[in-house]
Amino acid sequence: MTSDDPTDEISDIEDRIERLAGIAERCRKYILASKIAIGSGAALLLITILGLFGLGQTAALGSIALVLGGIVSLGSNVSTLRQTDGAISAAEARRAALIGGIDLRVVTDTPMKLV
């Protein structure tokens, strides 16, 4: 390998893409959990307001906290997911440029493959 050989950089970029994909997957899981928290908090608040199960003020405050916490978590993870997707796109573009810049040669004297 020469100093102009981009294979090490391509390998590093692929490792970075894998790490970023893991981060994106975790964000998606947290986004789903946040949506569930918002929905369950809203349902609990509605049940408390209607007085269906005799739940008190503590349940109402807890449901409000659940909705607000879900909204904050949702916003944070959506933002992180967008940034991570942008970083993945940039890394993939850099990897494609490096691969496109490799001067490939045709090997003509290779033995035939046996079928």
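Colleague: What distance should the 44 residues of helix 1 span at 1.5 Å a residue, and how far apart are its end C-alpha atoms?

Modeller: Helices are DSSP runs (H or I, at least four residues), numbered from the N terminus. The expected span is 1.5 Å times one less than the number of residues. For helix 1 this gives 64 Å, which agrees with the distance between its end C-alpha atoms, 64 Å.

Colleague: On what kind of model do these values rest?

Modeller: Residues are numbered from 1 along each chain as its sequence is written, and side-chain values use heavy atoms, without hydrogens and water. Local features need pLDDT of at least 70 and side-chain atom pairs pLDDT 80 or more, while totals for chains, interfaces and linings use all residues, for this is a predicted model.

Colleague: What covers the buried residues of helix 1?

Modeller: Buried means under 20% relative accessible area (1.4 Å probe, protein chains only). Among the buried residues of helix 1 are Ile 10, Ile 13, Ile 17 and Leu 20. An α-helix has 3.6 residues a turn, so residues three or four places apart point the same way. The cover of these buried residues includes helix 2.

Colleague: Which helix is included in what covers the buried residues of helix 2?

Modeller: Helix 2 comprises residues 57-100. Its buried residues include Asn 77, Leu 81, Thr 84 and Ile 88. Their cover includes helix 1.

Colleague: Is Leu 55 buried or partly exposed, and what is its relative accessible area?

Modeller: Leu 55 lies in the loop between helix 1 and helix 2. Partly exposed means between the limits for buried and exposed, the latter being over 50%. Leu 55 is therefore partly exposed, its relative accessible area being 37%.

Terms used. Helices (H or I, at least four residues) and strands (E, at least two) are DSSP runs, numbered from the N terminus. Contact means heavy atoms within 4.5 Å.
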